Amino acid sequence: MIMELSGRTPLGSLTDKWEKHKNELKLVNPSNKRKFSVIVVGTGLAGSSAAATLAELGYNVTAITYNDSPRRAHSIAAQGGINAAKNYQNDGDSVWRLFYDTIKGGDFRAREANVYRLAQVSGNIIDQCVAQGVPFAREYGGYLANRSFGGAQVSRTFYARGQTGQQLLLGAYQALSRQVGLGKVNLLTKKEMMDVVVVDGRAHGVVIRDLVDGKIESLTADAVLLCTGGYSNVFYLSTNAKACNVTAAYRAYKRGALFANPCFTQIHPTCIPVSGDYQSKLTLMSESLRNDGRIWVPKERGDTRLPNLIPEIERDYYLERKYPSFGNLSPRDIASRAAKEVCDDGRGVGPGGKGVYLDFADAISRLGRKVIEDRYGNLFEMYQRITGEDPYSVPMRIYPAVHYTMGGLWVDYNLMSNVNGLFVLGEANFSDHGANRLGASALMQGLADGYFIIPYTVGGYLASTGPGTHTEAVRNKAAEAVQHSEEKITRLLAINGKRTPTSFHRELGKIMWDKCGMARNEQGLQSALVEIPQLRDEFWNNLRVPGTGEELNQSLEHASRVADFLEFAELMVRDALHRKESCGGHFREEFQTEDGEAKRNDNDFTYVAAWEYNGNNAPLMHKEHLHFENVELATRSYK
Amino acid sequence: MNLRLHIWRQKEPGAQGMLKAYDVADVSEHMSFLEMLDVLNERLLENGEDPVAFEHDCREGICGTCGMVINGRPHGPEPKTTVCQLHMRSFHDGDSITIEPWRASAFPVVKDLVVDRSAFDRIVQKGGYISVNTGNAPDGNAIPVPKVNADLAMDAASCIGCGACVAACPNASAMLFTAAKIGHLHALPQGHAEKGARVYNMVLAMDDEGFGACTNHLECEAACPKGISSLFIAKLNTEFVITSLL
Ligand SMILES: Cc1cc2nc3c(=O)[nH]c(=O)nc-3n(C[C@H](O)[C@H](O)[C@H](O)COP(=O)(O)OP(=O)(O)OC[C@H]3O[C@@H](n4cnc5c(N)ncnc54)[C@H](O)[C@@H]3O)c2cc1C
Ligand code: FES
């Protein structure tokens with residue numbers, strides 16, 4: 001049955017909701033907290049911060065990651081920075097502005113109350129991280145420094161050189177390590193979550209597989225937190241770490257959790273272009289570079305002169321031309337599409353014409369090489385290491401690449417999915433970024449969820465439900481889920497066909513990039529709906545995984561993740577097909593304005609599409625209508 | 001280019017391992033070293049052979065997951081470059097390349113080039129943090145930190161925990177790793193309250209995990225992909241002596 005979903009947003013004015021809600025949430029008595037157990041899957045920013053904080057409060061926490069250490073989570077790779085409405089620059093920033101920029105940046109497809117809360121707690125995050133010893137950049141006076149990011153006209157981004165994610169994650173990892181050292185967190189590394197144990201609509205635990213010896217077992221708890229990151233790797237090539245995958249979220253979906261807006265994916269405009277078909281991943285060049293770099297292509301098609309030989313008047317600084325008020329700092333979806341447009345027009349540069357220049361010549365002559373080195377030294381080095389070109393003397397070549405997924409498991413205001421006791425944090429949920437995420441706001445969201453929201457809302461849940469994992473029904477269900485995972489592994493090993501997991505993953509990625517990537521249309525999406533099941537069929541008949549399930553078997557790990565991507569991809573395409581409008585990262589070619597901008601359809605699509613697994617039948621779509629009581633749904637303009 | 005690889009193959013912990021030779025043809029100079037290994041592994045898989053197990057994740061030089069000894073050098077020939085960022089333009093047609101795992105008793109081999117580095121986590125668990133619960137923090141600008149200190153902290157904090165320092169050290173010491181964490185936290189006013197206990201407990205944990213002693217070979221600094229300075233080791237030594245005297 002199709003339901004109208006409610007985000008269970010508390011009543012009251014936007015500015016008071018969170019305070020009021022916190023006061024109303026039930027509390028668990030301090031001496032009772034240790035009677036409750038919580039499983040946290042994932043140790044990125046969201047997972048580490050949540051696990052550490054819940055343990056500090058006294059809960060029994062188990063933290064799980066497939067990496068060999070919590071510190072290696074994908075969050076470590078974030079470069080540019082983290083937003084917070086501190087207004088340290090006195091440039092007019094405020095909680096309201098950060099809220100408004102984020103809602104508008106998301107093309108009005110996020111829940112107002114969640115986004116406002118995010119902006120409200122953003123300042124606390126910076127305070128907390130400073131106290132932990134995160135070495136944020138400082139001015140000479142010793143105070144915190146800021147830079148600008150896309151989609152904002154104030155300077156509110158805090159950073160630690162080009163390694164902000166690393167430093168924030170190390171802060172959270174250290175807080176987590178402290179709790180592990182104190183014996184309050186049971187840390188399980190090299191364990192992959194394969195399934196969730198759900199009984200009567202309530203989560204009671206997870207199934208995990210040891211990646212070293214292959215052992216599959218279940219763990220039960222009073223609440224389960226999925227902090228398992230995004231699914232960009234459905235495209236095979238993305239800026240995400242190689243192991244990032246959708247398994248945890250997808251398995252939860254198959255156990256009844258709703259998957260919201262899966263087609264909302266973000267393509268980042270500044271990545272190093274693909275160099276060959278052996279390419280294994282794409283490397284991001286931080287958005288912060290757009291503070292000083294100017295993006296351009298030649299005005300003439302097929303101009304193959306070296307960039308330094310193309311005179312100023314023959315260059316098209318297309319972002320500055322089309323979006324004069326935001327220029328090179330236009331939001332990601334806009335900047336990516338503009339790059340695609342000039343490349344499709346035959347004016348792209350570099351091999352295959354799939355690239356545009358990001359040029360620092362002006363900035364270097366204005367500020368001097370030293371300043372640029374200070375600001376971006378490590379990024380320039382990275383670029384040179386990968387391409388063999390020196391960006392101080394030749395402009396960088398960049399091209400858009402898949403980067404982040406706004407879609408994710410549906411959660412209410414408490415960050416709980418529709419499955420009781422199953423909470424979802426960080427990139428794995430859908431909650432705050434609508435159809436497009438602004439730069440420097442994922443780190444903010446992950447840490448807001450983990451440090452400042454979940455400790456309250458999990459408490460509220462546990463206080464009102466009480467412990468309840470040790471029943472016969474839970475044991476049976478857990479055993480059944482373990483068996484189910486064992487069967488998946490056995491099946492993968494038994495196919496004994498000819499093709500490798502990577503070859504399937506690559507092929508799926510190509511279908512998704514071509515048909516469900518930067519621009520989408522009905523015809524392409526329809527054909528993807530035919531191709532994906534065909535590929536899945538072939539996978540289950542022609543896959544080859546050597547070795548056994550009782551040893552470290554990286555091909556098997558990969559195959560198991562690709563198997564889930566092959567199902568999930570179809571859900572994404574369905575979602576993209578049904579959303580007959582363009583908004584944020586979802587650009588449907590049929591729905592655009594005369595000058596090629598995204599054309600939203602607020603009358604028919606101001607809702608979150610939350611998909612329910614329905615066995616072998618097509619998934620069911622439920623809607624959560626979005627109500628905007630505090631902002632007006634404006635056409636998003638950066639001109 | 002065409003290459004001959006000699007790769008350490010070891011089925012499981014404690015098993016007898018050995019170097020095995022593989023030829024790889026048509027390697028492009030634009031490939032990363034790991035992409036070259038991917039190509040080899042795809043071929044092995046297609047032939048039904050066991051691919052070479054090696055670890056990696058971000059492939060951007062920041063997560064510290066990758067690591068192997070290439071022709072005797074942790075992370076290979078390029079300074080300040082992790083193996084995932086090493087590109088084949090650093091090699092030549094006809095080269096013979098030996099690839100081995102980190103070798104240290106505190107990092108037991110799990111399989112082929114994969115080792116268990118959890119000892120690093122346990123060192124951090126003994127004091128590599130500032131004890132502040134969530135919610136306790138004053139305003140971020142309440143504690144001004146001179147830019148030089150913040151920069152110094154950042155230099156030390158850029159350690160990625162890959163373990164190359166241990167692999168490079170003749171004594172398999174974890175001194176650079178430990179000193180970097182301590183150097184990071186002690187460069188900041190926030191880190192001062194627990195200074196003594198931190199140094200003491202982390203150094204003890206390092207010994208307990210079976211890492212060797214530091215005898216100032218400084219191979220660690222040369223091998224560190226993030227260029228962490230051995231001056232942090234000197235600082236740690238001074239602080240350890242002071243703490244032990246107190
Ligand atoms: C190159 C790059 C640069 C970025 N730069 C910025 C930036 O400057 N600012 C910004 O705000 N955002 C940035 N982002 C986005 C941001 O880094 C991520 O969205 C964010 O870090 C995600 O954090 P997370 O905690 O939700 O998940 P992750 O960090 O992805 O962590 C996921 C965790 O879940 C675990 N896990 C997943 N599945 C399983 C399973 N089945 N079993 C066991 N464990 C599992 C993993 O081991 C890992 O520990 C960037 C992203 C990329 C790719
Ligand atoms: S794979 Fe992350 S540092 Fe090499």
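The lining of the largest cavity comprises 20 nonpolar, 23 polar and seven charged residues; here Ala, Val, Leu, Ile, Met, Phe, Trp, Tyr, Cys and Pro count as nonpolar, Asp, Glu, Lys and Arg as charged, and the others, Gly among them, as polar. The model is predicted, so that local features require pLDDT of at least 70 and side-chain atom pairs pLDDT 80 or more, whereas totals for chains, interfaces and linings use all residues. Residues are numbered from 1 along each chain as its sequence is written, chains are lettered from A and ligands numbered from 1 in the order in which they are written, and side-chain values use heavy atoms, with hydrogens and water left out.

The structure contains 14 cavities of 30 Å³ or more. A cavity is a set of points, on a 1 Å grid over the protein atoms alone, where a 1.4 Å probe fits but cannot get out, and lining residues have an atom within 4 Å of a point. Grid points are joined across faces, edges and corners, and a volume is the space filled by probe spheres set on the points. The largest cavity holds about 800 Å³ of space. It is lined by 50 residues, and H74(A), S75(A), G229(A), C244(A) and E427(A) are the closest to its centre. Two or more lining residues are given by each of α3 (45–57), β6 (191–199), α7 (247–254), β15 (396–405) and α12 (442–465) of chain A; helices (H or I, at least four residues) and strands (E, at least two) are DSSP runs, numbered from the N terminus. Among these elements, α12(A) gives the most, with four residues.

Ligand 1 sits in the largest cavity, a placement that requires more than half of its atoms to lie within 2 Å of the grid points. Ligand 1 lies between chains A and B. It is surrounded by 38 residues, of which S75(A), G80(A), M193(A), E427(A) and L443(A) are the closest; a residue is near a molecule if one of its heavy atoms lies within 4 Å of it. This shell divides into 16 nonpolar, 17 polar and five charged residues, and β6(A) gives the most to it, with three residues. Polar contacts are pairs of N or O atoms within 3.5 Å. An oxygen atom of ligand 1 is 3.0 Å from an N or O atom in the side chain of N67(A). Nitrogen atoms of the ligand are found 3.3 Å from a polar backbone atom of Q79(A) and 3.5 Å from a polar backbone atom of Y66(A). Taken alone, ligand 1 exposes 1000 Å², of which the protein buries 99%, with accessible areas computed by the Shrake-Rupley method with a 1.4 Å probe.

The second largest cavity has a volume of about 110 Å³. Its lining consists of 15 residues, with C159(B), G161(B), C162(B), C165(B) and C224(B) nearest its centre. By class, this lining has 12 nonpolar, two polar and one charged. At least two lining residues come from each of α4 (164–168) and α5 (175–186) of chain B, and α5(B) supplies the largest share, three residues.

The second largest pocket, a pocket being an open set with protein on both sides within 12 Å along at least five of seven lines, holds about 1200 Å³ of space. Of its 48 lining residues, L237(A), P273(A), V274(A), S275(A) and L282(A) lie nearest its centre. The largest share of this lining, six residues, is supplied by α14(A). The lining includes 19 nonpolar, 13 polar and 16 charged residues.

Terms used: A polar contact is a pair of N or O atoms within 3.5 Å; within protein, one must be able to donate a hydrogen and the other to accept it, and residues adjacent in sequence count only if both atoms are side-chain atoms.
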